[in-house]
Amino acid sequence: MGARYAAYRKMSKYDLKITGGMVANLSETFEADIAVCDGRIVAIGKDLGDAGRVIDASGKYVLPGGIEAHCHIEQESSSGLMTSDDYYSGSVSAAFGGNTCIVPFAAQHRGQTLKSVLELYHGRAGPKSVIDYSFHLILSDPTDDVLHRELPLAIEQGITSFKVYMTYDRLIVDDTQMLDILAVAKKHGALTMIHAENNAMIKWMSDKLVDSGHGAPKYHALSHPRTAESEAINRAIALAGFIDAPILIVHVSTEAGARIIAQARYDGRKVFGETCPQYMFLNAEQMDLPGMHGAKLCCSPPLRDRASQEEIWRCLQNGTFQVYSSDHAPYKFDETGKLHAGPDAEFPKIANGLPGIEMRLPLLFSEGFMKGRITLNHFVALAATNVSKIYGLEHCKGSITEGKDADIAIWDPEEIRTVTAGDIHDNMEYTPYEGMHITGWPVTVIQRGNVVVESNELMVDRGAGEFVRRRTIDCTGMPGRLAPELDPAKNFGVDFNL
Ligand code: DUC
Ligand code: ZN
Ligand code: ZN
């Protein structure tokens, strides 16, 4: 709080008041003022009393600040390539897109201890992030020490989720390792996020395509067959279901994959699903560009066809996906990023990932809520509330409720902008969404009562964000069941340590 506001504060009941806006949470929309003291929401209603600062939100929506739960920031890929965004540019871009919290990945590469990985990422994020943050671990080397000492310690420190890969040579975990990781997650109340694609199918397809002279970027899409995704989702759900561990299948790109998740949820399994804007707003036809430009749209899983876009939208609308994340993985179109293996590299050597942290919510607000595909409350669920519940942030974030952090995004439904890379605050020179007309933008973003973005300006310093300790995972309402072979009453007294 600035000195001027501190002086007002002495005379005022509240630090900040947001007046006249339409407030929305998961299940209610109502007109109210919101009062903030010491970074928390302390009152919601009318005629609340005076405040050191008043923000007039008439004609606007006052929504929980977005929580971006899948983004790669200041992260080395398994081949050693650094994302173009560090924790400053990445968090600034997130804030301009209506977010007040990010949960990027802290990636373990083989041979690294989790302690060293977490120290590295705390050191990267702490001095730079302008909004609050946590990390998911990426586990690529689940040694006994990692599994039984380091991982429980990390969970205790508030890192209650980790991602594993079923593909990529330097990251892949086999089914046995996956079971080991799932068992630790189950025992300690953590969530395992799964990149589900069949490694063999991708390799087989890629080799055939490249060997026959089809190495251009657009063939990347063909090289990751739909069945590679559905096979791996099926297997992941079977492995997790066997020991009744909660999982979240990230970046689902196919209807077939979504159906498997929906069926598992119908069966009471502890399974969550995530999709991303690229599978709703982009398709593989757009990769057919001259030269290497298709590389800008290489991501994994890949873009699919137009019909898939509609199917993914439907699965978002019907609740199959509880999480909607950007999967921001920014690599520039040059030798530091997409073209690190050379100006004519074949698609298997092109860095995977798209930028999109700033566009995630404006895209959904404009094309989802404003066009009547989803309600405002569903928008809030996907922007923040579901993420807060699933990833252990509900105690402090994800809704406009007395006692929670005053993390708020004020959206102007009348603000219309045409997307262009130059207006986006990430450290990239292109956006996959160039030229789109977007209606409705977050115009004021507030973190723990401090204005972060206002009048298109950043209002806070580097490092204003704080690390948030997340709680263990709540699977209430998802009964699940241990496989009968693991039932303590029938398993000959073997301790499976679950
Ligand atoms: N997986 C991700 O989650 N992000 C970018 C690339 C990838 O394979
Ligand atoms: Zn992934
Ligand atoms: Zn990702």
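## A walk around the rings

Start by selecting Phe-379, which counts as buried because its relative accessibility is 1%. Keep in mind that you're looking at a predicted model.

The rings of Phe-379 and Trp-411 make an edge-to-face pair, with 5.4 Å from centre to centre and 80° between the planes. Phe-379 belongs to helix 13 (residues 376-390) and Trp-411 to strand 15 (residues 408-418), so this pair ties together parts that sit 32 residues apart in sequence.

Which cluster do these rings belong to? Show Tyr-61, Phe-365 and Phe-369 as well: ring pairs link them with Phe-379 and Trp-411 into a cluster.

Zoom out for a moment: the count for this model is 13 aromatic pairs. For one that's tilted, grab Tyr-133 and Phe-467: their ring centres are 6.1 Å apart and the planes meet at 55°, between the 30 and 60 degree cut-offs, so the pair is neither stacked nor edge-to-face. This pair links distant parts of the chain, 334 residues apart: Tyr-133 is in strand 8 (residues 132-133), while Phe-467 is in the segment after strand 18 (457-458).

Is Tyr-133 buried or exposed? Tyr-133 is buried, at 5% relative accessibility, whereas Phe-467 comes out as partly exposed at 26%.

Last stop, the charges over rings. Select Arg-373 and Trp-313: the charged end of Arg-373 sits over the Trp-313 ring, 4.2 Å from its centre. Then jump to Lys-296, which lies over the face of Phe-333, 4.8 Å from the ring centre.

Notes: Residues numbered from 1 in each chain as written. Chains lettered and ligands numbered in written order. Predicted model: local features only at pLDDT ≥ 70, side-chain atom pairs only at ≥ 80, totals over all residues. Heavy atoms only, no water. Phe/Tyr/Trp six-rings, centres within 6.5 Å; stacked < 30°, edge-to-face > 60°. Helix = DSSP H or I, 4+ residues; strand = E, 2+ residues; numbered from the N terminus. Buried < 20%, exposed > 50% of the residue type's maximum accessible area, 1.4 Å probe, protein only. Lys NZ or Arg CZ within 6 Å of the ring centre and 35° of its normal.
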